[in-house]
Structure formats: structure tokens, C-alpha cells
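Hello,

Here is the structure I promised to pass on. Please open it first, then read the notes below.

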Amino acid sequence: MGAPELDLSAWWMPFTANRQFKASPRILARAAGMHYFAPDGRRLLDGAAGLWCVNAGHGRTEIADAVHRALTELDYAPPFQMGHPLAFEAAEALRQILPDGFANIFFVNSGSEAADTALKIARAYHRARGEPERVWLVGRERGYHGVNFGGMSVGGIPNNREAFGPLLAEVDHLRHTHDLARNAFSRGQPDHGAEFADDLLRVIERRGGDRIAAVIVEPMAGSTGVLPPPKGYLERLRQICDDHGILLIFDEVITGFGRLGAPFAAQRFDVTPDILTMAKGLTNGAVPMGAVAVRGAVHDALMHGPEGAIELFHGYTYSGHPAASAALIATLGIYRREQLFDRARELEPYWQDAVHSLRQEATVVDVRDIGLVAAVELAPAGGRPGARGYDILCRAFAEGLLVRVTGDTIALSPPLIISNAEIDELVDKLRTAIAASSRELS
Ligand SMILES: Cc1ncc(COP(=O)(O)O)c(C=O)c1O
């Protein structure tokens with residue numbers, strides 16, 4: 001599977017069972033279009049868009065050329081008290097596809113930085129408006145907002161928090177929306193669960209609505225295993241936030257850039273947050289970059305104080321880096337020219353039928369989908385949660401398919417350029433892997 005001459009010892013790999021991986025590595029050496037290639041040339045269909053990010057498919061030379069041009073012209077410019085044209089152009093290009101009312105964009109380098117930046121902006125906003133006691137931050141069980149201390153605190157995946165001691169204290173969590181008993185095998189948004197949003201009222205009662213700065217949710221929870229929002233849920237959350245002056249943050253790191261058949265989930269669900277975070281598909285995964293978009297009122301509330309005063313003491317050395325800005329502009333150009341967001345929407349019915357055909361396999365307990373995302377949840381193998389998921393990841397890899405696994409849930413999110421024939425191939429390969437696992441792993 002791997003390249004035997006490669007010394008694997010030095011790189012401490014993220015979110016990876018390092019000892020297991022290094023004993024039996026899976027190496028990706030090259031990529032083009034819908035495929036990765038192993039060092040021996042074996043082709044793998046990319047069922048995960050890398051890690052939810054390569055929405056326009058691999059090897060887009062327009063992006064590589066734009067980055068090369070940018071770095072040749074200006075390798076780096078400090079973003080503190082200095083500017084360069086590409087970062088301003090990138091922000092403007094991005095603003096064009098955001099929901100109405102989003103006026104300003106803060107650049108960062110990852111989804112994790114975007115989450116922490118959004119939480120800091122939310123607190124700073126309330127403070128600037130004369131409500132400094134609004135410091136509580138509300139996340140959701142099973143939520144994922146990256147790995148930095150803010151995002152980890154509002155995140156709700158226990159394994160991600162366990163080893164790291166005390167997190168932010170002023171944090172509460174809403175209950176998650178997964179409800180297998182009522183919603184298993186839903187197509188698109190599940191029918192049941194709008195009332196889970198009322199859990200925010202419980203938090204408001206406990207902490208006081210006037211002490212809560214923001215609620216942060218993924219409009220569709222991705223990393224925990226794809227949980228589309230129940231019908232009416234996001235609308236209700238928006239209403240409760242409005243009633244209590246609480247900012248609503250959508251973490252669109254996965255759902256942005258066409259994944260749900262619209263530029264952002266906010267447009268797909270017609271629910272507009274106050275702050276929206278993004279990364280991944282922002283540059284088609286080619287250059288690390290994240291961004292936080294805010295409604296004009298959030299930005300403007302901070303644009304007070306003496307001229308010459310820094311309005312937000314926050315930023316990164318690489319905020320709006322020339323290479324990332326160029327990649328962003330080129331990526332948005334591809335999405336626009338190839339109308340990939342519309343394409344995702346058009347593919348959705350075919351995709352939905354294809355993935356739901358997996359329901360017949362023995363160990364499958366749920367299939368869920370929305371846009372060009374799906375998850376297949378499997379019954380754990382005899383008292384070992386996660387073992388079946390990992391078994392299927394390996395079997396799929398051997399079949400020539402890359403998927404993403406969380407516990408015993410297989411997540412699928414192919415590049416938006418996928419064809420119907422490739423959807424069939426993806427589902428067939430996964431079916432083979434699931435069937436073998438169902439037979440052989442008990
Ligand atoms: C919703 C969400 N937020 C934040 C992140 C963190 O992004 P990064 O890994 O770029 O820090 C992710 C990554 O998967 C994500 O899915």
C-alpha cells in the first residue's frame with residue numbers, strides 16, 4: 001500500500017492512529033480530477049473531496065498558476081497596518097457570493113482559527129455596544145469547530161476535549177439533533193426535531209439571555225457524521241436568538257462553497273446568521289485559508305473610538321496571505337464559470353437515490369443525505385465502537401475508494417464535478433466494502 005522507501009517516523013500525524021498507520025500506511029502521491037493515485041499508480045476515487053475541501057476536483061491548474069503569479073509578484077506583505085491588492089480583491093470576490101447583508105470579511109488560515117475569531121468578534125461586538133456582561137458562548141453536542149481552545153470549548157465531541165484540561169468556563173451546549181428512532185433513513189432534512197432548538201431556552205433560563213454573546217452551530221453537522229438540520233430547526237434557533245439579542249454564528253467550514261447546492265447553507269436553508277465562518281472549499285483545499293464574514297452591523301459596531309485606534313486586537317501573520325488570496329480568487333472563478341453550486345443541486349436527486357440503495361446492506365442502521373453529502377451509519381461490531389468504520393475505510397481503500405469515517409459512520413462528500421457514472425462507481429465500491437465487513441466482522 002505504501003512506499004517502502006519512505007521514512008515515516010518524523011511526521012506526527014494529526015487525528016491519526018500513528019502507530020497503526022505507520023505499520024500499514026495509506027499514501028496518496030498524486031491527484032487529478034476525481035482521483036487520487038497511490039505511489040504505485042493505483043487509482044482511488046475521491047469520495048471525500050480530500051477532507052471536505054476539494055470541491056472543484058483535483059489538479060486545477062488555474063489555481064496553481066494564480067498562486068505562482070502571486071508569489072512571483074509579492075511573496076508576502078504584512079497585514080498589520082499594511083495592505084496588498086489581492087487580499088482586498090479576494091474579500092470583494094467573496095462578498096459577492098455571501099448572503100445579503102454580509103459586508104466584511106476577516107481572513108484567517110484555517111477553520112479552527114475562523115471559529116475562535118468568530119467567538120472573539122461576538123464578545124467584542126457586545127462589549128463595544130455596552131453589554132460587556134454578554135460573554136457566554138453556546139455550542140451544541142456533537143458539534144465540531146476545530147481544535148483551538150475556543151472552538152474546542154464550544155465543540156461537543158468528547159474525545160476532542162478529554163486530554164486537554166479546563167476549557168473556556170462560560171460555555172453551554174445545546175442538545176444534538178440526531179434522532180434515529182424518528183428520523184432514520186430520512187431523505188434530505190429530517191421531519192422531526194425542530195423543537196430541539198428550544199433547548200436554547202433552557203440555557204437562557206439558566207444563564208440569563210442578556211449574558212449570552214452567541215450561539216455557534218454547523219448548519220449541517222459534518223464531522224460528527226453528517227446530521228442535516230431537522231425541518232424548522234434553524235429557523236427556530238434564529239428566532240430565539242433574535243428575541244434575546246444573541247448573535248447566531250454558522251460554522252460553514254464544510255457546508256460552504258456548494259456542498260449543499262448553494263453557495264452557503266444559509267442560502268440553502270434561507271436562514272441568515274450574523275457571523276459565518278468558512279475554510280476548506282474557500283481555496284479548493286489548495287492553500288490553507290479561512291475566513292469570517294460578518295453582517296455590516298457587527299463590523300460597524302466596532303468601528304468607533306478614536307481615529308487611529310485599532311478596533312479589534314486580533315489577527316494572524318498570514319491573514320490574507322498573497323498566495324491564499326490568489327487561490328481564493330481563482331477558486332471562486334472556477335465555481336462561477338463551471339456553475340458548480342448549481343451542479344451540486346442538480347446531482348442531488350441522483351445522489352440521494354444512489355446512496356439510499358445502501359440501506360439494504362445488513363449492518364446499515366441509517367442513511368442520511370443533503371446536497372452532495374451523505375452518511376451511512378453502521379451497527380458497531382461486537383462491543384468495539386469504531387472498529388467497523390475503520391474496517392470499511394480499509395476495505396474501501398483496497399477497492400479504490402477514499403471515504404471519511406467517524407466512529408461507525410461513513411461520510412461521503414465527493415468533489416462537485418462527480419458524474420452519474422462515478423456516483424454509481426462510488427456506491428458500488430462502498431457496497432462491496434460494507435457487505436464484506438458485514439459478513440466478516442462481527
Ligand atoms: C465545521 C468545522 N469547523 C471547523 C473545522 C476546523 O477546520 P481546520 O481543520 O481547517 O482547522 C472543521 C474541520 O473539519 C469543520 O468541519
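**The largest cavity**

Helix 7 (180–183) and strand 11 (364–370) each supply at least two residues of the lining of the largest cavity. Bear in mind that this is a predicted model. The space in this largest cavity comes to about 110 Å³. Its lining counts 13 residues. Those nearest the centre are His178, Asn183, Pro190, Asp366 and Arg368. Sorted by class, the lining of the largest cavity has five nonpolar, five polar and three charged residues.

**The other cavities**

How many cavities of 30 Å³ or more does a search of the whole structure find? There are three. The second largest cavity holds about 40 Å³ of space. Look for its lining at Gly143, Tyr144, Gly146, Met152, Gly155, Gly156, Ile157, Asn160 and Arg161. That lining divides into three nonpolar, five polar and one charged residues. Gly counts as polar here.

**The second largest pocket**

Now turn to a pocket. The second largest pocket has about 1,200 Å³ of space. A total of 35 residues line this pocket. Which of them lie nearest its centre? They are Pro79, Ile105, Phe106, Glu311 and His314. Four elements each give at least two residues to the lining of this pocket: helix 4 (85–95), strand 4 (102–108), strand 10 (290–295) and helix 11 (296–302). By class, the lining of the second largest pocket has 22 nonpolar, 10 polar and three charged residues.

The next notes cover how some helices pack.

Start with helix 3 and helix 12. Helix 3 spans residues 61–73, and helix 12 spans residues 322–337. Their axes are 8 Å apart, at an angle of about 150 degrees. Angles over 145 degrees count as roughly antiparallel, so helix 3 and helix 12 are roughly antiparallel to each other. The crossing of helix 3 and helix 12 is right-handed. On the helix 3 side, the contact is made by Glu62, Ile63, Ala66, Val67, Ala70 and Leu71. Helix 12 brings Pro322, Ala323, Ala326, Ala327, Ala330, Thr331, Ile334 and Arg337. The contact of helix 3 with helix 12 has 11 nonpolar, one polar and two charged residues.

Next come helix 8 and helix 9. Helix 8 covers residues 199–207, and helix 9 covers residues 233–243. The angle between them is about 25 degrees, and their axes lie 10 Å apart. Are helix 8 and helix 9 roughly parallel or roughly antiparallel? Angles under 35 degrees count as roughly parallel, so helix 8 and helix 9 are roughly parallel to each other. Helix 8 and helix 9 make a right-handed crossing. Helix 8 makes the contact with Leu200, Leu201 and Ile204, and helix 9 with Leu237, Ile240 and Cys241. In this contact of helix 8 with helix 9, six residues are nonpolar, with no polar and no charged residues.

Last, helix 13 and helix 15. These are residues 340–356 and residues 420–440. Helix 13 and helix 15 pack at about 20 degrees, with axes 10 Å apart. The cut-off is again under 35 degrees, so helix 13 is roughly parallel to helix 15. The crossing of helix 13 and helix 15 is right-handed. Which residues make the contact? From helix 13 they are Leu347, Tyr350, Trp351, Ala354 and Val355. From helix 15 they are Asn420, Ile423, Asp424, Leu426 and Val427. The contact of helix 13 with helix 15 divides into eight nonpolar, one polar and one charged residues.

Best wishes

Definitions and conventions:
Residues numbered from 1 in each chain as written. Predicted model: local features only at pLDDT ≥ 70, side-chain atom pairs only at ≥ 80, totals over all residues. Heavy atoms only, no water. 1 Å grid on protein atoms, 1.4 Å probe; cavity = no way out; pocket = protein on both sides within 12 Å on 5 of 7 lines; lining within 4 Å. Points joined across faces, edges and corners; volume = space filled by probe spheres on them. Axes fitted to C-alpha atoms, helices over the stretch in contact; angles between N-to-C directions. Parallel < 35°, antiparallel > 145°, perpendicular 65-115°, else oblique. Left-handed = near helix turned anticlockwise from the far one by under 90°. Contact = heavy atoms within 4.5 Å.
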